[in-house]
Amino acid sequence: MSNRWILSEYDVESAFQQPAPFLKTLKSHGLAVTHTRLIGGRRDGVELLTVNNGDFSFTTIPTRGMGIHQAKHGETRIGWTSPVEGPVHPRFVPLAEPSGLGWLDGMDELIVRCGLESNGAPEFDAETNRLKYPLHGRIANQPTEDVVVVVSEDGELCISGEVRETRFLCYNVALKTEIRTKSGENGFRIRDSIVNRSAQATTAQMLYHINLGAPILGEGASVVCPAVEICPRNDHAASGITDWSTYSGPTDGYQEQVYFMQFAGDENGQTSALLKNAAGDQGVSVHFNVKQLPCFSLWKYTAAEQDGYVTGLEPATNYPNPRSFEEKQGRVVQLAPGTSYDIDLALRFHPDTASVEAAEKAIVALTEGTEAKVHRMPQASWCS
Amino acid sequence: MSNRWILSEYDVESAFQQPAPFLKTLKSHGLAVTHTRLIGGRRDGVELLTVNNGDFSFTTIPTRGMGIHQAKHGETRIGWTSPVEGPVHPRFVPLAEPSGLGWLDGMDELIVRCGLESNGAPEFDAETNRLKYPLHGRIANQPTEDVVVVVSEDGELCISGEVRETRFLCYNVALKTEIRTKSGENGFRIRDSIVNRSAQATTAQMLYHINLGAPILGEGASVVCPAVEICPRNDHAASGITDWSTYSGPTDGYQEQVYFMQFAGDENGQTSALLKNAAGDQGVSVHFNVKQLPCFSLWKYTAAEQDGYVTGLEPATNYPNPRSFEEKQGRVVQLAPGTSYDIDLALRFHPDTASVEAAEKAIVALTEGTEAKVHRMPQASWCS
Amino acid sequence: MSNRWILSEYDVESAFQQPAPFLKTLKSHGLAVTHTRLIGGRRDGVELLTVNNGDFSFTTIPTRGMGIHQAKHGETRIGWTSPVEGPVHPRFVPLAEPSGLGWLDGMDELIVRCGLESNGAPEFDAETNRLKYPLHGRIANQPTEDVVVVVSEDGELCISGEVRETRFLCYNVALKTEIRTKSGENGFRIRDSIVNRSAQATTAQMLYHINLGAPILGEGASVVCPAVEICPRNDHAASGITDWSTYSGPTDGYQEQVYFMQFAGDENGQTSALLKNAAGDQGVSVHFNVKQLPCFSLWKYTAAEQDGYVTGLEPATNYPNPRSFEEKQGRVVQLAPGTSYDIDLALRFHPDTASVEAAEKAIVALTEGTEAKVHRMPQASWCS
């Protein structure tokens, strides 16, 4: 078909060169997409797909579970500067390291999915001390199968692919993802399906680790959340609870603070969170549905720039506690044989005061007339 | 030489393009071979060698220890549909995972070799609980060195290569393999040598995990074995002992059953096992020597199709128990410095009733007049 | 610039083909350099940079932390024959294996750096028994970023690059390396900087595992060291203390012996060690500074040839004991935020009796009139 580019082929040429008819269709809609493979260093072999829809561009990484590396609006970078300086090929990310912390070697993207069998803090077998669930799971370091780019008749570009977490006899769940944008859209939309590929019932978890640094994050930046309940993850977070929504500038030796929240949604469950800069003339909002992603974590890590000055907006099916704790609290997704769990998520950039204010107004409206219940201390059912 | 193609070269061209004189020799004998490298997903970078000798074709995977991915006779697939959907590059198979189960992430082939330092269930250090021997060993996820394809004067094609399990100061054993076929042959022959490359005595284990699914496996299919003694691996296998040789169709929630056996051989030790379909008009036989491979395991896993409906015919130097148990039973191969242990194995497809019957008759003749000793319960010296 | 070749690019062409102006400059100084990528086996994907300055050539491996694979002077190989037969791509070196011994799967080079977070024997958490520090650290199996080759106006070739050990939230130290040679030089010079990239204070260790085998190592070969104090690592090494400086030929079943030493240096701290053959007409010397590398280990492993007949000259910031033991002895490098620790190291080949004698004379002069203190037994503060 003239509107389709199938990338995961046996032939190098077709994988990296767009078919001429596809390219023509793409251009006619004011879109551009490139497929590259990086050379050298820890990024050696990483495939990138970069989409440009006019003022807005973003890069997704088939080699890393179709995470979003960075986005850009004009000259404004949407993302952060990780000390990891990726993207890092999964072969240099030792997920199986006995410590369970190998995932941190590849932590670099704007959007990193955490799942599917588990996410959250690493968990070890109580008897043998052996690693059971590595930090934030495997999906971000699995490569994507069956990558296809399609342009619809009305000019919507869709990148699709499937990322599998399959261990014979043990686990067989896939992430089917579709990432969409249109000419002139200041963002993109993701539709993920967590698919149970087995004939047996299974479970899954998903957390979207959405990471933002300068220039939107900075001293005086703030986050706007339609929270109905807020809980600090630990005593250290509790010590900063009154300032949970505002940010300091880069601070040497800053220790991370995490706040767990429940969000209000509209009549359909739709909700969003906004990070805006100090001037209120630039912001990024994240849109999702509380029926699909009922748990929200706000991660503050305003450390020195070279240590990765960043905040994380993290909608999820659960809180990032060890897997078994979340399971006891009923915060895992149950998947009957052959069924799937759909998640819709969008990211939007707001380039001026008017669009920032509109995004904020929509969030505030969700909790109009009600006050968030703010816990001063960690709560037993939220924090492991 | 005009009959030789050396693949492991420094130059991409020569590695993937056959020399013209070699190609000419190949064609004159009615043979074809292709070398490809896959792109994208978990198979990214995997090299394949596909041989076609007329009606019969098969694919071997240099990147995965020269295992046999699949074979085909006409339109009949010889192999199985693993949920893993490989071939998976070894870099996505976490053999070193503390659980010892990472091997299952790459379990996908028609023939997978399990060894060389160990095979069987994972084993952990009794004091520290740390992994000592991962499930089924390393050899299936080591790439092959020095791959060469040669055609002999009488038209026999031979793919050879060496797969090494070398850890400086610790272990240095190689698998030298030769895989042969001829025009019109409905199968292939493997000659493996397990070579002690060190000046010190060492030990090894080898098991051929030969996996078959539909269309040959199906409801009413059966296996014909020249067993002189049969023992269920555990209580669950014991519960199915009377039906050990027959198969049900795909069954949701089926739990695997394994039977350990000793086979009769002819005066030279030659023996074989046959899997035939319900109609008895298609089958696959496996040929080996009981002096080289004295232990046979039959693995039944007739689970749902999407969970990998399959059976394994598994001739081996030992039973797939933890390494130290097998060592106590004397079931490891002793290798003096510089010596090797040769193994011959062949796979044949039987496309019609006559050839199935002939294969069955040959097996039955091996135990003519004797009854297999069938243990109703697991035996202490066979089952850990 | 006409004297510069930037290799770590997004474009395959520029990464593997030298720009014409650079090539011209290179040739005008009697130098040659090639960048290749290996295909097949465990070396699949490994990048090599081979430099030839006339009679002397050497190969460095960007894919393996810019280690030096081998050198050559005329027909004389400078290096050893490891049973590993690499270079091995890091993806086949399971550093994260619970045993902590995975590093040995890639042990193959003339110069292997051991560090940066740790080197020495593996260390495990005392409570959980989980691996904390794998044998000899990660740096030798990290690929190099930002590789550049430059030729200066006076004809000095410099290969530079950066190898990072970065774990978000945990560790962020880089090795910046520069490797230099000139036309006619019988060796090369390395300048390494261990850089703390974080805003937090951190620590590091570094050991240069410089490995030499035949033809320089052989029966009757000897090592010349300006040692002021010598200590056997363990009882087995103690049993060979009187012969610590001389070598036997390849010996089946030889158990390794290691001697820890402190060296004298000149007024600036400059020092060197020499390995010379039995005839005294060929040798290799290693040059470094005791202020930068105060600890020297001599590793003797004169096992059978196929087991890797070799000796290691190992200048370091510490002795290769477990990390926490060395830390207690104060033998780790302290790195304040943004600071670095520089190390200069050179290797020289001596092709004739005169140059061997000159090298020996320079070493002997460093300890003129003093006798080395030789401990007969392992010492508590040196040996864990």
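Asp105(C) and Arg167(B) form a salt bridge, with their closest N and O atoms 2.5 Å apart. The term stands for a side-chain nitrogen of Lys or Arg within 4 Å of a carboxyl oxygen of Asp or Glu. Across the interface of chain C and chain B, the rule finds eight salt bridges. This is a predicted model, where local features need pLDDT of at least 70 and side-chain atom pairs count only at pLDDT 80 or more, while totals for chains, interfaces and linings use all residues. Residues are numbered from 1 along each chain as its sequence is written, chains are lettered from A and ligands numbered from 1 in the order in which they are written, and side-chain values use heavy atoms, with hydrogens and water left out.

Let's stay with the interface for a moment. On the chain C side, 35 residues are in contact with 35 residues of chain B, contact being heavy atoms within 4.5 Å. Together the two chains bury about 3000 Å², and 53% of that is on carbon and sulfur atoms. Buried area here is the accessible area (1.4 Å probe) that two parts lose on being put together, summed over both. In chain C, the residues that lose the most area to chain B are Ile39(C), Arg42(C) and Pro98(C), together 22% of what that side buries. There are also 14 residue pairs in polar contact between chain C and chain B, both residues at pLDDT 80 or more. A polar contact is a pair of N or O atoms within 3.5 Å; within protein, one must be able to donate a hydrogen and the other to accept it, and residues adjacent in sequence count only if both atoms are side-chain atoms.

Now move into chain C and look at helix H2, residues 20-28. Phe22(C), Thr25(C) and Leu26(C) are buried there. Seen down the axis of H2(C), the buried residues fall within an arc of 100 degrees, so they line one face of the helix. The arc is that of the directions from the helix axis to the C-beta atoms. On the other side of H2(C), Ala20(C), Lys24(C), Lys27(C) and Ser28(C) are exposed. Buried means under 20% relative accessible area, exposed over 50%, and partly exposed in between (1.4 Å probe, protein chains only). Helices (H or I, at least four residues) and strands (E, at least two) are DSSP runs, numbered from the N terminus. What do the buried residues of H2(C) pack against? Their partners are strands E1 (4-6), E2 (32-37), E10 (144-151) and E11 (156-167) of chain C. After H2(C) comes Gly30(C), whose phi is positive, near 70 degrees.

Chain B has a helix H2 (residues 20-28) too, and Thr25(B) sits in it. Thr25(B) is buried, with a relative accessible area of 19%. A polar atom of its side chain lies 3.0 Å from the backbone oxygen of Pro21(B). Leaving out residues up to four places away in sequence, Thr25(B) touches Ser2(B), Asn3(B) and Val151(B).

The side chains of Asp146(C) and Arg164(C) meet in a salt bridge at 3.5 Å, N to O. Asp146(C) lies in strand E10 and Arg164(C) in strand E11 of chain C, so this pair ties together parts that are 18 residues apart in sequence. Is Arg164(C) buried or exposed? At 5% relative accessibility, Arg164(C) counts as buried, whereas Asp146(C) is partly exposed at 43%. Both residues belong to a network of salt bridges that also links Glu85(A), Glu162(C) and Arg197(C).

E16(A) is joined by five bridges to strand E17 (residues 257-263) of chain A, and the two run antiparallel. E16(A) also pairs with strand E24 (residues 373-374) of chain A, this time in the parallel sense over two bridges. Strands count as paired if DSSP finds at least two bridges between them. Glu229(A) has Gln262(A) as its bridge partner in E17(A) and stands opposite Lys373(A) in E24(A).

Arg233(A) forms a salt bridge with Glu256(A), the closest N and O atoms being 3.4 Å apart. The pair links distant parts of the chain, 23 residues apart: Arg233(A) is in the loop between E16 and helix H3 (235-238) of chain A, and Glu256(A) in the loop between H3 and E17 of chain A.
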